[in-house]
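Let's take a look inside a protein model together. Keep the structure open while you read.

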Amino acid sequence: MINSTTCSCVSPFTWNPFRATCDLNCRLVTNSVGCSNTASQCSCTFKYVWNATNNLCVLNCASVTYAIRTIPAQNGACTCQSGFQWVPSLLDCQIVCSNILNSLGTFVKINECRCKPNTVWNLSLRQCVLNCLTIPNSDGRPSTNGSVCGCKIGFTWASTSMSCV
């Protein structure tokens, strides 16, 4: 107590003379929008939620695409699903294109890689698959996993050259 009408509050709380309480000063809370929902809860920025135990806005991995939603954030990062990595600047899990066959190793979107010529991105398989329509003497039909093209009559698939010969 500073005097009979004012108390000293522990940061990030500040004295509210109208309510005679220590209220949370959300402007002092990282990842808060700067205003409070109640005297003891701040509104947090996108992908963050209020943690009442620690009076902090913490990363909400349940709101991050391709994160393992049941594992809470550790050191400001979410644990990503297999084949994805945490990108701190985006607060997102992004596909690791360097591990994708026929990828150029770069991403187009967080879940899509740039593919080598004659291949296209297949979102459901999460891989670059042959674009059989661009392969000479192909009948245009890819195999189920997109690694082989059907060939026109008189031609057979050559895996080493990825062509119908």
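A nonpolar core is a set of buried Ala, Val, Leu, Ile, Met, Phe, Trp, Tyr and Cys residues joined through side-chain atoms within 4.5 Å, and buried means under 20% relative accessible area, with exposed over 50% and partly exposed in between (1.4 Å probe, protein chains only). This is a predicted model, where local features need pLDDT of at least 70 and side-chain atom pairs count only at pLDDT 80 or more, while totals for chains, interfaces and linings use all residues. Residues are numbered from 1 along each chain as its sequence is written, and side-chain values use heavy atoms, leaving out hydrogens and water.

The largest nonpolar core has 25 residues, and those touching the most other members are Trp-50, Cys-78, Trp-86, Cys-93, Ile-95 and Trp-121. There's also a second, separate core of seven residues, including Leu-130 and Trp-157.

Now for the rings: the structure holds one aromatic pair. Tyr-66 and Phe-84 are stacked, 4.3 Å centre to centre with 10 degrees between the planes. (Rings of Phe, Tyr and Trp, its six-membered ring, pair if their centres lie within 6.5 Å; planes under 30 degrees apart count as stacked, over 60 as edge-to-face and the rest as tilted.) Here are the two partners:

Tyr-66 sits in the loop between strand 6 (56-59) and strand 7 (84-87) and Phe-84 in strand 7, so the pair ties together parts 18 residues apart in sequence. Strands here are DSSP runs (E, at least two residues), numbered from the N terminus.

Terms used:
Helix = DSSP H or I, 4+ residues; strand = E, 2+ residues; numbered from the N terminus.
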